[in-house]
Amino acid sequence: MSAVTAPSVSVIRVLGVKDDELLRRLAHAGLSFTIGEARRVAALLGRDPTVVEGNIFNTMWSEHCSYKSSREVLGEYLPTEGTGVVLGPGEDAGIVRLATVNGKSYCIAIAHESHNHPSQVVPNEGAATGIGGIVRDVYCMGADVVGVLDPLRFGDPMGENGERTREIVHGVVEGIWQYANALGVPNLGGDVYFDSSFDENCLVNVVALGLVAEDEIVRSRIPLEAKDSDYDVILVGKPTDPSGFGGATFASRILDEERALDDKYAVQVPDPFLKRMLAVATREVLKLVRDSGAVIGFKDLGAGGIACATSELGAAAGLGVRIDLSRVIVAESNLPAEVIACSETQERYCLVVPRELSPEVLRIYNEVFELPEICHGSGASVIGEVIQEARFVLEYAGATVCDASTEQITTGVCYKRESRGREPVCKEDVLPDGLDPRAVLLDVLGSVNVASREHVYRHYECEVKGCAIVRPGEADAGVIAPIPGAAVGVAVACDGNPFYGAVDSYQAGAVAVAESVRNVAAVGAHPIALTDCLNFGNPEVPEVFHDFVEAVRGIGDAARGIGLKDSGEPIPVISGNVSFYNQSSGGSAILPSPIVCCVGRLVDVSRHVTMGFKSGGNSIYLLGRRSAKLGASAVLRTVAGDATASVPEVDFDDERHMMAAVTDIAESGLAASCHDISDGGVAVAVAEMVLTSPEDSRVGARISVPRLDGSPAALAGETGPSGFAGTRESEAKRDLVLLFSEAGGYLLEVAPDDEDRLLNVLEDRGVWYSRVGTTVAGVGLSFTGIAGGDFTLSVEELARPWTDGATEAMR
């Protein structure tokens, strides 16, 4: 039993209180505990919890912080280790080795998070603080942040909530660019989808990656050296205020639009300029640490604020901390102890340093970089110390307001949720008769989920730091050269098709991995690590939890089945996040949305490949069989308004062989251009290769539709080519399937002199391929061999819907 040292400390009566009265008391205290959880806290403490303890356990046992519904599932299915992994999930960011240059090992630190609920309620601030938090996670590992990405999901801009959706889009994009641009961090990519299921729950997922020398990594834990010497706990950054108080629990409950005005106070307030100065000052502190040979702990203050950061630092090392909340610099007087402990004020870090270094650390922040002068009340101060017993002790105004086990706070709750599969929703044969392929292509190109995303990424700074090689819109992945003077490059891409989730969550997880790998491979990089952000509705609903489990299983199977290039190892998942309760109070849940980020390595960044056609007279090769299944496809959503048909299944062997072949081809300099096949199938992929060719010397293409089939084995799935034979109408449908099937694959442009070498690579790697056309200088896009007649589209005809489709929808 732990003790509270002052009788005046307020407590929440739990022991001996009946359930209905306990619910009333919990609600009065603003706590979202279940009755069982409240009673478990009291049992663990051996007494009624104080108000401060109640808020701490409420925060730390929230879904957002504890992963209480997902922890066991993630551990069961996801591969997280490998020879290249320096640090897997569990700290602020995962770390994987990139390359050794001049005898020094360099690594990529990467973190992946969500800021969904805050961005729905206060779009600008919610998205900005999402970027702020993810960047801090990477800084805390000792890394220099070299880029961010932002996979986004919004409601239907043309639907009944279209006006609100457009407001959210504008606010989110504005918040991201205002924060990241001011911070001086380039945007390397992302993706955007729109669907009415996101009307009341937008998704703002954020990724940050940084470069760190392996011998300069800092851990998000108290150093084990603290067992033998005195260590201080230092808080640095903005003065603590009430902003974000309750943010973790807000992110762990169903979003109620009627409470939106109250919920906005659970959203933090960003300050990118202070963040930038903090980053500069922290680099000087880390240099001090390295020069002194000391070992420190370093953690971002995000969800749960001081309480979360300091308790997790202690729990990770099996040590404890004693914090004096009276020593925390606050922005306003009379803040309650629970607010000081749990508020999520932005732009704050926690450092655990040897006591003899504390004065110099404070001097760097407060005097050398003059943080108190830059932002009133900002600065660094010692707020506590490390203790040997693994307890979390908070004092305030001379009283002990919290005394609990760090392990019980951080890992004290775990659920085995009920899982139940949904009734099948698939429909078959939903492709209408009498469709004109030319008109269909233009309609698909102009649809809001296929059209160019330039209206989003044009706001972002992509050149800052001077290491950009491939920018958003130029290829399937962003590419940077982060190590000065070195040839090695980094490619990164995020993917996840929510429409797969509407049909088959397992395939949604698998295809998120497969497409992110293809996007990285298409620029010439082979994957070295994955991260994920798993966005779902209420896990207490058995069907929702089943979707979650299946998506995680799909990610794990794909990571193992595709694997690292020429290795028996899986692609490791080194960081991630779970976002549950993306569901409105009316019961409307988002489409199951697993989103995966893939990081790849280019041995020589000068060998990178972009998607735009380069010159006329080259051959175009298709890699990857087409599928007869059109479920989740853009063409079905466009022409039938419903894509809940059977989806193409990811073939892990095919994906592994194609990834290896494409990266071999790129490294050998054989690919003039490359583009993966996903939304809109071959037809959209080749149109995008035309549209991203040089504006001053456009390169078009002539595609033979029958050659998309290539051989009787090329159209995979239960319905083969013979299933379309017999009538002109069935042949026309077959052509549409070949053009718009979203089965994974690649289109490659290769010069005639390099074709033999290319074919040798494809044969050696066991890749299915077909030569499907040629590039043509100065014209648009032609399709030949189509039932019902060939057609040609000029560049201008292609560009109009593709350029304006999403922009028009957002006005």
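This is a predicted model: local features need pLDDT of at least 70, side-chain atom pairs count only at pLDDT 80 or more; totals for chains, interfaces and linings use all residues.
Local features need pLDDT of at least 70, side-chain atom pairs count only at pLDDT 80 or more, and totals for chains, interfaces and linings use all residues. Residues are numbered from 1 along each chain as its sequence is written, and side-chain values use heavy atoms, with hydrogens and water left out.

Start with the whole chain. The protein chain holds 28 helices and 30 strands. Helices (H or I, at least four residues) and strands (E, at least two) are DSSP runs, numbered from the N terminus. The C-alpha atoms fill a box of roughly 85 × 60 × 45 Å along the principal axes.

Of the 811 residues, 63% count as buried. Buried means under 20% relative accessible area, exposed over 50%, and partly exposed in between (1.4 Å probe, protein chains only). The accessible surface comes to about 28,200 Å², and carbon and sulfur atoms contribute 47% of this. These areas come from the Shrake-Rupley method with a 1.4 Å probe; for residues, only the protein chains shown count as cover.

Six strands form an open, mixed sheet in the order β16-β17-β18-β21-β19-β20. Two strands pair if DSSP finds at least two bridges between them. β16 (468-470) and β20 (573-579) stand at the edges, each with a single partner strand, so one side of each has no neighbour in the sheet. Neighbouring strands are turned by 20° against each other on average, direction ignored. Axes are lines fitted to C-alpha atoms, for helices over the stretch in contact, and angles run from 0 to 180 degrees between N-to-C directions.

Within the sheet, β18 (residues 489-495) and β21 (residues 593-602) run antiparallel, joined by seven bridges. V490 stands opposite R601 in β21. Helix α20 (residues 505-522) packs on this sheet, touching β18, β19 (526-535) and β21, and its direction makes about 25° with that of β21. Helix α21 (residues 542-562) lies across β19, β20 and β21, running at about 180° to β19.

Salt bridges come next. Side chains of opposite charge can pair when their charged atoms come close. The rule here asks for a side-chain nitrogen of Lys or Arg within 4 Å of a carboxyl oxygen of Asp or Glu. The count comes to 46.

D19 sits in helix α1 (residues 19-28) and R39 in helix α2 (residues 35-45), 20 residues apart. D19 is partly exposed at 41%, and R39 is partly exposed at 28%. E53 and R47 meet at 2.7 Å. Here E53 is buried at 0%, and R47 is buried at 12%.

R765 and D566 pair with their closest N and O atoms 2.7 Å apart. R765 lies in helix α27 (residues 755-765), D566 in the loop between α21 and β20, 199 residues away. D566 is exposed at 59%. Elsewhere, shared partners join D230, D232, R322, R355, E385 and E395 into one salt-bridge network.

Terms used
Contact means heavy atoms within 4.5 Å.
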